[in-house]
Amino acid sequence: MANRILIVDDAAFMRMMIKDILTKNGYEVVGEADNGAKAIEKYKELNPDLVIMDITMPEVDGIQAVKEIKKINSDAKIVMCSAMGQQAMVIESIQAGAKDFIVKPFQADRVIEAVKKVLG
């Protein structure tokens, strides 16, 4: 069975890019969300194997969403996405429970490497 992944980013084209990389590599994208609040709802609804989450989003940011998802499932696997120069936020998201991070602009091989590493 393909690993089920939830993509969270406020930019539709970023979600599309990640989805394209994942589906081409045999992963199943089960849902998308454009902010942290929706990510938490979608996580409860879909129970994905992995969440790829942007850090900077409206309403609820990625770090807060990671904390909430970890409350729902302490074993949740989350990979953060960040723009260059967000080191402090990346560190904070890892402390909140994220397993890895990828930097924008995405390189397909790095996305897949992070996904494989986190999913084991």
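Helices and strands are here DSSP runs, helices being H or I over at least four residues and strands being E over at least two, numbered from the N terminus. On that basis the protein chain holds five helices and five strands, and its elements follow the order β-α-β-α-β-α-β-α-β-α from the N terminus on. The model is predicted: local features need pLDDT of at least 70 and side-chain atom pairs count only at pLDDT 80 or more, while totals for chains, interfaces and linings use all residues. Residues are numbered from 1 along each chain as its sequence is written, and side-chain values use heavy atoms, with hydrogens and water left out.

The overall dimensions come next. The radius of gyration is taken over C-alpha atoms, and the globule rule is 2.2 Å times the number of residues to the power 0.38. For 120 residues a compact globule would have a value near 14 Å, and the 12 Å of the protein chain agrees with this. Along the principal axes, the C-alpha atoms fill a box of roughly 30 × 30 × 25 Å. Contact means heavy atoms within 4.5 Å; among contacts between residues at least 6 apart in sequence, 63% join residues at least 24 apart.

Burial is judged by relative accessible area with a 1.4 Å probe and protein chains only: buried is under 20%, exposed is over 50%, and partly exposed lies in between. By this criterion, 48% of the 120 residues are buried.

In soluble globular proteins, nonpolar side chains tend to be buried together. A nonpolar core is a set of buried Ala, Val, Leu, Ile, Met, Phe, Trp, Tyr and Cys residues joined through side-chain atoms within 4.5 Å. The largest such core has 22 residues, and those with the most contacts inside it are V8, V51, M53, I69, I78 and M80. Two or more residues each are given to this core by strand 1 (4-8), helix 2 (36-46), strand 3 (50-54), helix 3 (62-72), strand 4 (78-82) and helix 4 (87-96). A second, separate core has 20 residues, including V79, C81, A114 and V115.

Two residues show the packing in detail. Beyond its neighbours within four places in sequence, I69 is in contact with A39, I40, Y43, M53, A76 and I78. A39, in turn, is placed in helix 2 and is buried, with a relative accessible area of 0%. The C-alpha atoms of A39 and L6 are separated by 8.1 Å, although the two are 33 residues apart along the chain.
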